[in-house]
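The exercises below are meant to be worked with the sequence and the 3D view open side by side. Try each task before reading its solution.

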Amino acid sequence: MIHAIESEAFSNALVILGAAGIVIPLFARFRITPIIGFIMVGVLVGPSGLGSLTERIPWLVHVTISDREAIEPFAEFGIVLLLFSIGLELSIKRLWQMRGTVFGVGAAELIGCGLLIGGALVALGQNPIGALGLGLALALSSTALVLPMSGTKTPVGKAALGILLFQDVAIVPIIFFLGAMGPMAQDAGLAALGWTLLLSFVTVGLMLVGGRLILPRLFAQAARTKNPEIFLAACLLVIILASLATTAVGLSPIVGALVAGLVIAETEYHREVEVITEPFKGLALGVFLITVGMSLDLAAIFGNWGSLLIAVVSVVVVKTIVIGLLLRFAGARRATSAEAGLLMASPSETTLIVLAAALQAELIQPSTAAFWQTVAAIGLTITPLLARFGRMAARRVEMREHQVDIPGDTDEAEERAIIVGFGRVGRLVADMLREHDKLFVAVDSNIDTVAHGRRDGYPTIFGDVARPQLLENLDLERASALILTMDDPVSLVQLTKRVREWHPELTIVARARDPDHAAELYRAGATDAVPETVESSLQLSEAVLVDIGVPMGPVIASVHEKRAQLREAIMELGELDAPPELPREKLRKP
């Protein structure tokens, strides 16, 4: 009998769980997406990394994965769970509202990128049908990577979701088309495609109708047991059955998972389902990313890096331009178009599936398929970097489109407060200033926040205070106060220190996360730093004590005493010569 430690499945599980336990916290600490971490783990433990040394160092077999195919089913299940969770966030009504993006921009992107890339490959000597297959494969974008980074509710996320939904549905017709065009294809190829599409429509329709009748009853019975394991089993059963149903008629299993999510989203159980399946989705998605890293052959990349670099850059540039122009033509803002174009510019995990279909149909050579598979793997690896470049490009476009003009019809010589950050805290500060007839202007780096503020009548401008030019344009010399409400502790300290050096007499009031952060802000030069956790805790304590019958006088006295203790703690932490004055107490002074 083989001991557990000698089992391949055991060692694979050890590597995967170890990667999840180490990579996610480590990369979160440095504010780096775990996506890169999982891919790096795949490279490290894969056949071209430490896995290549197992014959010389036998014990490495316990910390490497030698068989990529052994963990691919778990990776595919991760993608299925991801599409299921996307379906939970949608609804049939919302999906219908997105039909223009799905069938308009999505179809145009796939056809446009496919033809452009395919045409370039024909010019390089590839046969036309094979070039078209390669073009369609490379035109696909990664649902598994794009949507976790963009979300589905932001403007970029909505645009990406619409395009990706069409691509996921189009995978099966593309595969059938390639099979029908192959030299070994039978005359029944197109007929088989038509029959599959008919079965697909019928199956999806039955799932939508039957699911609305059956699933509420199924989850009601599971909920009555008050057993989380039963509820989880019901969720997984629905996901697997839906995926098997679409697979049986020739569709991708991710389509079935998406439909199942859409149906459950219409029930009252969708929040509980979303919470209970979240941990499995994250772990399984990590397995998928490890398989992506394992597919990278470092020796082949270094030996052919010039051609691979040209191929990756060419695909990224073509897709960025096409997606950006199509979204712009569809009415999206320039910033949204630029960010979405870069975010979706790399190939997809489904690119590998389409390449395999083209190879099986003998439309491309094995060496050609291997080259473009490496390109797809590199593209998946750099997707987080493209997302970051996309956000940077979007910010630059927004800054160019929205000049720093302080709105309002008051005298420019009049003093006004500057509120940096116009979220919930900044808006509340603005309301209080307005209540006391104090002039102010708010600054935020999120253009949607700025648009909402202006629509609601607040004097709001777009800008990034990290840029010295913006601070100069705000004319802080004549500002009555600078109020910093951003939820970024590091930026708050840096900005406070910089402004204090330039304007020694300016009143700077900053939002602090806790007493330690408040002390750091005082050292940086803040006039007042309000620890939000402290004040919210004191107010909560005051409410509890009064509600349980303690007289108001002693309650207020104890709250004052606790605030004094905290002030002393902040003094000690900040090495201050005088006690910091809390704004709340200032307002109570006569």
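**Exercise 1. Strand partners**

Task: In this predicted model, find which residue of E6 is the bridge partner of Arg511, and then work out how E5 and E6 pair.

Solution: Begin at Arg511, whose bridge partner in E6 is Val530. Then move to Ala512, which has Pro531 as its bridge partner in E6. Taken as whole elements, strand E5 (residues 508-512) and strand E6 (residues 528-531) pair in the parallel sense, and four bridges are found between them. On E5 itself, four of the five residues are buried, and the strand is accordingly described as mostly covered.

**Exercise 2. Strand, helix, strand**

**Exercise 3. A threonine in H22**

Task: Decide whether Thr496 is buried or exposed, and list the residues it touches beyond its sequence neighbours.

Solution: Locate Thr496 in helix H22 (residues 489-502). Its relative accessibility is 0%, and because buried means under 20%, Thr496 counts as buried. Leaving out residues up to four places away in sequence, Thr496 touches Leu484, Ile508, Leu521, Ala524, Gly525 and Ala526. Two of these, Leu521 and Ala524, are also included in a nonpolar core of 30 residues, along with Met486 and Val493.

**Exercise 4. The largest nonpolar core**

Task: Find how many residues the largest nonpolar core has, which helix supplies the largest share of it, and what surrounds Val273.

Solution: The largest nonpolar core has 114 residues, and those with the most contacts inside it are Phe219, Val273, Ile290 and Trp372. Helix H8 (residues 155-181) gives the largest share, namely eleven residues. The core of 30 residues met in the previous exercise is a second, separate one. In soluble globular proteins, nonpolar side chains tend to be buried together. Turning to Val273, and setting aside its neighbours within four places in sequence, the contacts are Phe84, Leu88, Phe219, Phe231, Cys235 and Ile264.

**Exercise 5. Aromatic pairs**

Task: Classify the pair formed by Phe219 and Phe231, and then the pair formed by Phe371 and Trp372.

Solution: The structure holds four aromatic pairs. For Phe219 and Phe231, the ring centres are 5.4 Å apart and the planes stand at 40°, so the pair is tilted. Phe219 belongs to helix H9 (residues 189-224) and Phe231 to helix H10 (residues 228-248), so the pair ties together parts twelve residues apart in sequence. Phe219 is buried at a relative accessible area of 0%, and Phe231 counts as buried at 6%. For Phe371 and Trp372, a centre-to-centre distance of 5.2 Å and an angle of 90° between the planes make an edge-to-face pair, in which Trp372 is buried with a relative accessible area of 9%.

**Exercise 6. Cysteines**

Task: State how many disulfides the structure contains, and whether Cys113 and Cys235 are buried or exposed.

Solution: A search of the whole structure finds zero disulfides. Cys113 counts as buried at 0% relative accessibility, and Cys235, which is in contact with Val273, likewise counts as buried at 0%.

Terms used: Residues are numbered from 1 along each chain as its sequence is written. This is a predicted model: local features need pLDDT of at least 70, side-chain atom pairs count only at pLDDT 80 or more; totals for chains, interfaces and linings use all residues. Side-chain values use heavy atoms; hydrogens and water are left out. A nonpolar core is a set of buried Ala, Val, Leu, Ile, Met, Phe, Trp, Tyr and Cys residues joined through side-chain atoms within 4.5 Å. Buried means under 20% relative accessible area, exposed over 50%, partly exposed in between (1.4 Å probe, protein chains only). Helices (H or I, at least four residues) and strands (E, at least two) are DSSP runs, numbered from the N terminus. Contact means heavy atoms within 4.5 Å. Two strands pair if DSSP finds at least two bridges between them. A disulfide is a pair of cysteine sulfur atoms within 2.5 Å. Rings of Phe, Tyr and Trp (its six-membered ring) pair if their centres lie within 6.5 Å; planes under 30 degrees apart count as stacked, over 60 as edge-to-face and the rest as tilted.
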